[in-house]
Amino acid sequence: MATQMAPLCKLLLMSFISCVVLVPFGGASGEDHKVYVVYMGGLPKQAGFLATSVHTSMLQEVVGSRASELLVHSYSRSFHGFSAILTEDEVAKIAGMEGVVSVFPSERHQLQTTRSWDFLGFSQSVQRLPTESDLIVGMLDTGIWPESDSFNDEGFGPPPAKWKGTCQTSNFTCNNKIIGAKYYRQNTTYLPGDLASPRDTEGHGSHTSSIAAGGLVSGTSLFGLRSGTARGGVPSARIAVYKVCWADHCYDADMLAAFDDAIADGVDIISISIVPFEPRDYFMNSIAIGSFHAMKHGILTSVAAGNYGPKPATTTNFSPWFLSVAASTIDRKFVSKVLLGSGKSYEGISINTFELNNTMYPMIYGGDAPNIAQGFNSAQSRLCVTNSLDSSLVKGKIVFCDSLNSVDDALSAGATALSAGAAGLIMEGLVATDQALAFPVAASFLNVADGSEVYDYLKSTRDSMATIFKSTETMDSLAPAVVSFSSRGPSPIARDILKPDLTAPGVDILAAWSPASTMTELSDDPRHVSYNIISGTSMACPHATGVAAYVKTINPTWSPAAIKSALMTTGTSPMSPLKNTDAEFAYGAGHINPLKAANPGLVYDAEEADYVQFLCGQGYNTSNLRLITGDQSSCSDVKNATVWDLNLPTFTISAQTKGSYITGVFHRTVTNVGNATSTYKATVTAPQGFTVRVEPQTVTFESVLQKQSFVVTVEAILDADMISASLVWDDGLHQVRSPIVAFVPSP
């Protein structure tokens with residue numbers, strides 16, 4: 001079963017199974033050694049500074065002659081720091097050295113489109129500029145499958161002159177579409193199936209890359225499902241690949257090395273569908289650190305909000321300088337019909353590509369087939385937990401498993417049914433049915449009511465029979481709705497910053513896949529595919545990346561904050577409260593709208609100095625900030641800014657207890673990127689008892705890029721857990737919308 005456990009871990013990429021793979025570090029002995037990141041901020045602005053020499057010298061002071069052996073990465077192209085294999089005592093010594101901002105363990109992080117772009121109103125015929133081919137999208141993921149049709153370079157010229165990256169040609173060849181590729185591995189050992197190459201053996205990186213920037217490929221499908229033309233948001237853009245994720249996940253040290261290179265290589269936007277398992281302070285978090293330095297260099301980073309929903313405050317990617325993306329449904333869903341020998345049929349949810357050809361198979365209840373020889377009982381086998389089924393009883397039959405109440409339960413049942421030789425699998429339980437899961441056997445997941453009827457038939461009929469039909473697509477009238485697994489806000493660190501920022505399609509998305517993997521990533525699954533259908537905020541993130549890249553091709557001088565603002569203020573919002581009960585903490589500023597984002601009218605801009613003021617208000621001091629920025633930034637009473645003064649396109653205020661009176665004052669500045677001469681009027685929509693005042697209520701512009709400031713004051717007695725309002729600046733052509741949220745954090 002060891003050969004199956006590693007692929008089960010790989011399912012983290014799409015289906016959120018939790019597992020641990022322990023691999024010893026090469027080059028270090030003793031249980032107390034592990035990789036730590038030593039972050040030292042921005043590169044000092046002094047001639048002849050050799051960062052790598054400084055890093056080696058620091059290590060030598062602590063570990064002596066083994067410094068070169070224990071150094072994992074030296075970050076010296078875009079920011080300052082290194083990673084090394086250390087003990088806790090050695091970490092304490094380095095943490096006390098001059099110039100060190102933070103030291104933290106290199107922990108594991110989790111990886112978290114035929115129809116989706118059309119659903120967004122972003123058709124193949126949308127107007128594009130020739131300069132799209134000069135744009136470079138940096139993808140931090142599991143690598144890429146370069147032979148995929150989505151990455152064909154036919155019609156592409158040579159890479160843009162600004163490109164400074166390289167291509168590691170270990171079992172890999174770049175082209176004029178994939179112009180750069182590198183891999184990073186803090187651990188010198190590899191799990192079975194991993195390749196020391198930028199080549200993708202998992203599938204996830206190829207999938208995200210093709211969503212963001214894959215070319216047009218007609219006639220794609222998954223065994224006939226979701227047939228159409230696969231394409232990315234910016235199909236003419238170039239792709240730079242930074243492989244940081246492996247079968248044992250993604251590590252901080254490698255991700256920072258990739259950020260360091262991507263920034264220096266000349267990418268225009270970075271996409272990273274990776275999330276920490278737990279929330280961490282900004283500069284103890286590789287994604288927050290890397291994206292901060294990307295922002296300094298004018299590069300927006302688009303990140304996945306996380307797959308830890310639907311509980312509140314589950315997002316672990318929440319820095320204000322990057323774009324955090326939730327996942328929502330599109331207007332198609334998959335159903336898989338089950339037909340019983342009695343003639344009664346039921347519709348379940350799954351992505352079932354298997355054809356049973358209307359053949360009826362004998363049924364068996366999992367609880368009646370425990371693998372007693374391996375110590376399992378019926379209470380376990382009814383759930384079809386790993387190895388719990390007796391293959392001599394199950395082989396060739398359709399097994400029924402009940403009381404499956406999580407995605408992990410369902411996926412485990414699928415793997416167990418496969419290993420036991422089952423012909424098919426019918427499941428029942430409380431798993432959310434707003435995403436379809438794929439299984440290695442013919443399968444369908446039923447709701448509790450339908451599952452109970454199937455159970456009654458099975459137990460009351462001597463020769464019970466059933467068949468499972470291949471999936472079909474039906475309309476989803478509830479779309480778009482934020483999917484249950486998508487992580488929710490508020491931010492666990494700065495509660496008065498709204499997170500996630502927005503939502504984008506992330507459910508049942510067809511995109512490129514690695515043939516080196518299988519459709520479900522289980523080693524015994526016989527299906528190897530070039531395009532696959534999976535779900536996750538990992539899929540939503542590259543949709544936002546593609547839109548951001550499209551906006552940048554039209555507005556190449558815009559800052560990361562301006563692009564982020566354009567995406568947020570033009571999103572479709574509020575989304576239906578009946579389908580999105582967590583409101584803005586589920587969907588942020590709304591559902592992404594690519595065409596409107598290219599022409600927002602006004603933007604809420606911000607630069608490094610604004611984030612420095614925010615950090616001052618969050619308790620960072622001058623000495624720390626000077627290390628982080630690499631300049632003479634300072635904190636003072638005048639500069640210290642509350643979170644309410646950071647120039648974001650959202651307004652959020654929290655209270656300690658329900659029934660509290662709250663009031664807050666927000667200072668904002670908007671920049672005119674629409675018509676040179678224009679007048680915008682403020683319109684506030686708020687429920688009774690939630691008072692929102694805007695001063696002034698009208699702002700007038702006489703030129704492009706002119707700025708105007710205003711103040712928003714909110715007051716309320718917070719009788720509910722959360723109340724929402726909105727501010728719209730309207731000039732008759734543009735509606736620049738910002739959500740206003742007041743809430744009481746969950747205990």
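1. Two strands count as paired if DSSP finds at least two bridges between them. Helices (H or I, at least four residues) and strands (E, at least two) are DSSP runs, numbered from the N terminus. This is a predicted model, in which local features need pLDDT of at least 70, side-chain atom pairs count only at pLDDT 80 or more, and totals for chains, interfaces and linings use all residues. Residues are numbered from 1 along each chain as its sequence is written, and side-chain values use heavy atoms, with hydrogens and water left out.

2. The chain has 19 helices and 36 strands. Strand β17 (residues 332-340) pairs with strand β24 (residues 472-475) in the antiparallel sense over 4 bridges. In that pairing Arg332 stands opposite Met475 of β24.

3. β17 also pairs with strand β18 (residues 345-348), antiparallel, over 4 bridges. The β17–β18 hairpin has 4 residues between the strands, and Gly343 there takes a positive phi near 95°.

4. A further antiparallel pairing joins β17 to strand β23 (residues 465-468) over 3 bridges. Val338 has Ile468 as its bridge partner in β23 and Tyr346 as its bridge partner in β18.

5. The C-alpha trace spans about 80 × 70 × 55 Å along its principal axes.

6. Buried residues (under 20% relative accessible area, 1.4 Å probe, protein chains only) make up 61% of the 747 residues.

Note on methods. Buried means under 20% relative accessible area, exposed over 50%, partly exposed in between (1.4 Å probe, protein chains only).
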